[in-house]
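Let us walk through this model step by step. Keep the sequence and the 3D view side by side as you read.

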Amino acid sequence: MYRLYNKLDLYTAEDLLFYYPRTYMEYPEELEDLKDKSKLSEGEAVALLIRVDEACRNRKTSRMDITTLSAFCGDVPVDMVWFRSPYIKSQIRLHESYVFYGRVSFDGTKGIKLEQPVVYTREKYVLQKKSLQPVYTLTRGLTNNQIKKNIRQILEEVTLSDPLPKAWVKKRELETLPFALRMIHFPDDFDSLSRARNRLVYDEFFLFLAQMELSKQDAISVPNSFSVVKEELYKKVLSSLPFPLTKGQESALQDVRSDVANSFVTQRLIQGDVGSGKTVIAFLLMTLFCENGYATAIMAPTEILATQHYNTFSEYVKTYDLPFETVLLTGSLSAKQKREVYDKLKEKRPMYIIGTHALIQEKADYENLALVITDEQHRFGVKQRDTLGKKGIHPFSIVMSATPIPRTLSMILYGDMNISVISDVPAKRLPIKNAVIKEQDRNKAYRFIAKEVEKGHQAYVICPLVSAGETTEEKNVTDYTGELKKVFPKTYGIGMLHGRMKPAEKNAVMDSFLKNEIQILVSTTVVEVGVNVPNATVMMIENANRFGLAQLHQLRGRVGRGDAQSYCIFLDGTKNEENSKRLEIISKSNDGFYIAGEDLKLRGPGDFYGIRQSGDLDFHLADIYQDAQLLQKASEDVKEFVSGEKEGEEEKKLLHHILHQSQRQYTNL
Ligand code: ADP
Ligand code: MG
């Protein structure tokens, strides 16, 4: 079992305690009368309040005991059946009412059937109804019940204490940590869950900001000893680009060029919506540093993206005939290849180093490194922010992010950086056309995709899951790829991509897609970040209701990157109106800022679980938009704590906690 937990990146009891449910299941209102049976759907969970007027019957077959009960809910006959549970009979008394909770099936009856329903007295069910059942992300072999059981055990056996000073908890009207942890897993009711979540969100912000502040305190202002004066090649590339830069791109470049004239080494955030053209900015700046004799690096959160940047940059180097080498450093290189790269670094030549973050952390010699760019910074989180600094290497640092956050928030989250915002997108680009469709229009969508493929374009089909198992309603990449091969002509290349594939396999698939050997790519959200295949003009997102709006916006950003008209089709699998409203927002606008704002307005107090805005900054629960107020409070508290005395017992304990948590995050990387 440990091994199963390890698969989920869980190693200690503490890890498991902080493994929060993916969502919660609510028990439905009990129905006294099934007047309108047509409203129910096969497989739906129902609770029926039924008066039992006919006795349970036990039957024995050669294989097992079978217990049946026939009753009515209103006028509708309900047949219930239990297997291997003869004791049920003794629990149900004649002429009394019970709530039967189970999944509906219509098969072979005039009324409805419930298999193995759970039986409650009405009073018990009313209590049960208030509670929410945790639903965890699973891995094959590990059940939800097992996780529940283990977490309950830990909660019972371990004495938890609260690292936050009591006065503080009171001032911010927070719950204690032990309460919060208990209630996030096993909420008594909705209100407790909401309060538990608030506390844990506060903690996430607090830890994040405290780590940032503490490392800032350790940091020294590093004098700028780099000399960036030559700009001939930089200007040459700039003037031969196939497109004019946008205003936002130009001012971001200008900002960095004035940074390099500073007397201290600085850090800058470049924020720009998906498709605003951040990669070319990175390339131009790296070229500028290269021609002044320095090595430069760009780090991407995934191998797919690193490889893509490597290919793009190598292409640029060829096109513009630049005398600098491009070097790829990723986890899938062999030890020998890595050594070769390290040897190159030692030569202190100017070059473009492109890699994933893990490798930049290794023991390479980066003495000549003057510029480090982190692409899609929001994917990394703070824990990796300062790894180079810890090694005594202090290059100029630029982080690039597509997360549209208001300036007040970015000042808190990126408090130590200067900020440039690219607020425009390339002028020639046509806005993406969007459609939200229901299941019945699926075939139309397929026909539309086929039409685009016939025109020579390509398509993404996004599914929430890698393989079947978690739930049945959601599409998974593995099975769905097979289904689509039957739908589309045999001549179409249909490829599959998901996070559990080996890096080399992933790269091969992306490469085929880029070369248009694959026309339809069925993928999980691994393509969410950064992927650039401008010939792809249509994206279809299955179970679109499963994703947060920010995530949908990022996903959609994979199309509409070239000159051709692009399309995004959201498949809405719910009957829930709130969800449909959310999809309406995204289908009406292509503007990340607007979408984030509208999404926030739509959210009531009950909307916080199940769907998160995005994976921003590695928070588990916190949502920088929705929890902006808590972020503000945590930020004030961190400032007070960091600047204050740390001699008292409570302060020492808190400091220890911060260090412990940051240690824990590092070891779990
Ligand atoms: P992102 O900001 O999401 O990282 P990319 O840098 O991947 O966006 O750019 C998306 C596409 O737009 C690329 O194909 C790139 O070549 C192109 N592009 C970048 N800047 C411009 C521009 N000013 N005009 C036209 N196309 C551009
Ligand atoms: Mg990008």
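A pocket, here, is an open set of grid points with protein on both sides within 12 Å along at least five of seven lines. The model is predicted. In it, the space taken by ligand 1 is the second largest pocket.

Ligand 1 is surrounded by 17 residues. Gly275, Lys278, Thr279, Arg429 and Arg561 are the closest. Sorted by class, this shell holds six nonpolar, seven polar and four charged residues.

Where do these residues come from? Domain 2 (232-422) and domain 3 (433-589) both contribute to the shell, so ligand 1 lies between them.

Next, zoom in on single atoms. The side chain of Gln249 places an N or O atom 2.9 Å from a nitrogen atom of ligand 1. The backbone takes part too. A polar backbone atom of Gly275 is 2.7 Å from an oxygen atom of the ligand. For a backbone N or O atom of Ser276, the distance to a ligand oxygen atom is 3.4 Å. Taken alone, ligand 1 exposes 570 Å², and the protein buries 86% of that.

Technical notes. Residues numbered from 1 in each chain as written. Chains lettered and ligands numbered in written order. Predicted model: local features only at pLDDT ≥ 70, side-chain atom pairs only at ≥ 80, totals over all residues. Heavy atoms only, no water. Near = heavy atom within 4 Å. Polar contact = N/O pair within 3.5 Å; in protein donor to acceptor, adjacent residues only side chain to side chain. Areas by Shrake-Rupley, 256 points an atom, 1.4 Å probe, with all protein chains shown as cover. 1 Å grid on protein atoms, 1.4 Å probe; cavity = no way out; pocket = protein on both sides within 12 Å on 5 of 7 lines; lining within 4 Å. Sits in = over half its atoms within 2 Å of the grid points. Nonpolar A, V, L, I, M, F, W, Y, C, P; charged D, E, K, R; others polar. Domains from an automatic or database assignment.
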